Amino acid sequence: MRILYLLLVALFLVVQGVAGKPFFPTSGTCQLQNGFCFPGICRRPYYWIGTCNNGYSCCRRYAEI
């Protein structure tokens with residue numbers, strides 16, 4: 001029975017740690033893809049990878065070799 005109490009405590013700590021965080025990240029997805037938000041279209045040396053929350057273009061810089 002003691003292990004049941006320990007498991008409940010561990011579950012409580014895990015749930016408490018993730019409280020308030022969204023299951024799917026909705027903000028900062030452009031930064032998660034190593035991109036930047038630009039108004040309008042992406043210009044060189046950047047290319048378009050998506051759309052930011054405010055309607056701007058999410059752009060990423062070309063990889064330099």
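Which backbone oxygen lies 2.5 Å from a polar atom of the side chain of S57? The backbone oxygen of G40 does; a polar contact is a pair of N or O atoms within 3.5 Å, where within protein one must be able to donate a hydrogen and the other to accept it, and residues adjacent in sequence count only if both atoms are side-chain atoms.

Before we look around, a word on the model. It is a predicted one, in which local features need pLDDT of at least 70 and side-chain atom pairs count only at pLDDT 80 or more, while totals for chains, interfaces and linings use all residues. Residues are numbered from 1 along each chain as its sequence is written, and side-chain values use heavy atoms, with hydrogens and water left out.

**The chain as a whole**

The secondary structure comes to 2 helices and 3 strands, and from the N terminus on the elements run α-α-β-β-β. Helices (H or I, at least four residues) and strands (E, at least two) are DSSP runs, numbered from the N terminus. Of the 65 residues, 12% count as buried; buried means under 20% relative accessible area, exposed over 50%, and partly exposed in between, with a 1.4 Å probe and protein chains only.

The average pLDDT, the predictor's confidence in each residue from 0 to 100, is 78 for the chain, and 69% of the residues score at least 70. Here are the two ends of that confidence range:

| Element | Place in confidence | Mean pLDDT |

The 3 strands form an open sheet in the order β1-β3-β2, with antiparallel pairing. At its edges are β1 (36-38) and β2 (46-51), each of which pairs on one side only. From one strand to the next, the twist averages 45°. Two strands pair if DSSP finds at least two bridges between them, and β2 and β3 are joined by 5 bridges. These two strands form a hairpin with 5 residues between them, and G55 in the turn has a positive phi of about 95°.

The UniProt record, in an unreviewed entry, annotates residues 29-60 as "domain: Beta-defensin-like"; such annotations may be inferred rather than shown by experiment. Over residues 29-60, the chain is 12% helix and 41% strand, and the end C-alpha atoms are 12 Å apart.

**Back to S57**

Our opening residue, S57, sits in strand β3 (residues 57-61), and T51 stands opposite S57. Is S57 buried or exposed? S57 counts as buried because its relative accessibility is 11%. Leaving aside residues up to four places away in sequence, S57 touches F36, C37, F38, G40, I41, C42, W48, G50 and C52, where contact means heavy atoms within 4.5 Å.

**Two backbone details**

Most residues other than glycine have a negative phi, and most peptide bonds are trans. With that in mind, look at N34, a residue other than glycine whose phi is positive, near 60°. N34 lies in the loop between α2 (29-32) and β1, and N34 counts as exposed because its relative accessibility is 60%. The other detail is the peptide bond from R44 to P45, which is cis, with omega near 5°. P45 has its place in the loop between β1 and β2.

Note on methods:
Axes fitted to C-alpha atoms, helices over the stretch in contact; angles between N-to-C directions.
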